[in-house]
Amino acid sequence: MNISIRPSQQEEAGLIYQLRSDTRLRDMQYQPSWREYPELYVEVSLAFADQSEPAFRCWTVLIDGEFGGHISETLNQSTPDGVTISLGWNIVPEEWGKGIAPYAVRIFLNQKFECEKPVQFVAMCFESNSRCRRVLDKLGFVAESPTLRERLNNWLRTFGRHRLTKYRLTHEEWKAIHSTAG
Ligand SMILES: CC(C)(COP(=O)(O)OP(=O)(O)OC[C@H]1O[C@@H](n2cnc3c(N)ncnc32)[C@H](O)[C@@H]1OP(=O)(O)O)[C@@H](O)C(=O)NCCC(=O)NCCS
């Protein structure tokens, strides 16, 4: 099986929206908001395409050349010391359990840590989403408490149905994992 990532293209917008809206994902992540529409992810990505620190970018995960999911990165904070990027990802349900998300996100993280200025990543995950938490563990993300604002936002978006876990991965943590992994 060949897994790769590349910036999402216009014709994939519908597939990304369809995946985001899949009922099998309903209890695993936030549902698309009323402001989301199929072309949004790719349109916004293209709008920031020339920038070294885009506000948003969507990557397509290809499995043997076919659409297999997406990774989204949102600029969270930029300071002279570096940038913090929020990450999210979805894999098509037919391919769950094959290690595709950890593999694809690892490709993405390697690119980011090698090419750009100091960067760290945060990811939010429902406490009940054990599959995603497992992926975050495998990649070396470290759990921390969400801020009050993040918890409040989560409460409003899920009507209190889900507890939130926050994860962070710094460059140092990534390097430590890779130097011990050889
Ligand atoms: C979470 C998600 C990205 C994981 O991707 P993946 O490619 O399936 O990842 P993995 O194959 O490494 O599986 C992760 C863990 O999920 C569990 N898992 C996988 N398939 C499963 C299944 N059908 N039933 C129960 N558990 C399953 C396994 O325990 C696995 O851990 P392991 O490798 O230690 O056995 C994918 O399930 C997904 O897209 N889910 C819906 C959206 C989502 O949750 N996005 C993230 C929002 S924070």
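Student: Is H178 buried or exposed?

Tutor: Start with the cut-offs: a residue is buried if 20 or more other C-beta atoms lie within 10 Å of its own, exposed if 12 or fewer, and partly exposed in between, with C-beta atoms placed from the backbone. H178 has 12 other C-beta atoms within 10 Å, so H178 is exposed. H178 belongs to helix α6, residues 171-181. Helices (H or I, at least four residues) and strands (E, at least two) are DSSP runs, numbered from the N terminus.

Student: What should I know about the model and the numbering?

Tutor: This is a predicted model, where local features need pLDDT of at least 70 and side-chain atom pairs count only at pLDDT 80 or more, while totals for chains, interfaces and linings use all residues. Residues are numbered from 1 along each chain as its sequence is written.

Student: Back to H178, then. What separates the C-alpha atoms of H178 and G140?

Tutor: They sit 38 residues apart along the chain, and 10.0 Å separates their C-alpha atoms. N2 is in the segment before β1 (3-7), and N2 is exposed, having 7 other C-beta atoms within 10 Å.

Student: Is Q120 buried or exposed?

Tutor: Q120 has 20 C-beta neighbours inside 10 Å, so Q120 counts as buried. You'll find Q120 in strand β5, residues 119-126. Leaving out residues up to four places away in sequence, Q120 touches G82, T84, R168, L169, T170 and H171. Contact here means that the C-beta atoms of two residues, placed from the backbone, lie within 7 Å. As for P93, 27 residues from Q120 along the chain, the two C-alpha atoms are separated by 28 Å.

Student: How do I read a pair of packed helices, say α3 and α4?

Tutor: Two packed helices are described by the angle between their axes and the distance between the axes. Axes are lines fitted to C-alpha atoms, for helices over the stretch in contact, and angles run from 0 to 180 degrees between N-to-C directions. Here α3 (residues 100-115) and α4 (residues 130-139) pack at about 45°, with axes 10 Å apart. That makes α3 and α4 oblique to each other; angles under 35 degrees count as roughly parallel, over 145 as roughly antiparallel, 65 to 115 as roughly perpendicular and the rest as oblique.

Student: Which residues make the contact?

Tutor: From α3 come A101, P102, V105, R106 and L109, and from α4 come V135, K138 and L139. By class, that is six nonpolar, no polar and two charged residues. Ala, Val, Leu, Ile, Met, Phe, Trp, Tyr, Cys and Pro count as nonpolar, Asp, Glu, Lys and Arg as charged, and the others, Gly among them, as polar.

Student: How many residues surround the ligand?

Tutor: 20 do, and the closest are M28, W96, G97, A101 and R131. A residue makes the list if its C-beta atom, placed from the backbone, lies within 6 Å of the molecule. The shell has eleven nonpolar, six polar and three charged residues. β4 (82-91), α3 and α4 each supply at least two residues of it.

Student: Which phi value does D64 have?

Tutor: Most residues other than glycine have a negative phi. D64 is not a glycine, yet its phi is positive, about 50°. D64 lies in the loop between β2 (56-63) and β3 (66-79). F159 also has a positive phi of about 50°, and F159 lies in the loop between α5 (148-158) and β7 (164-169).
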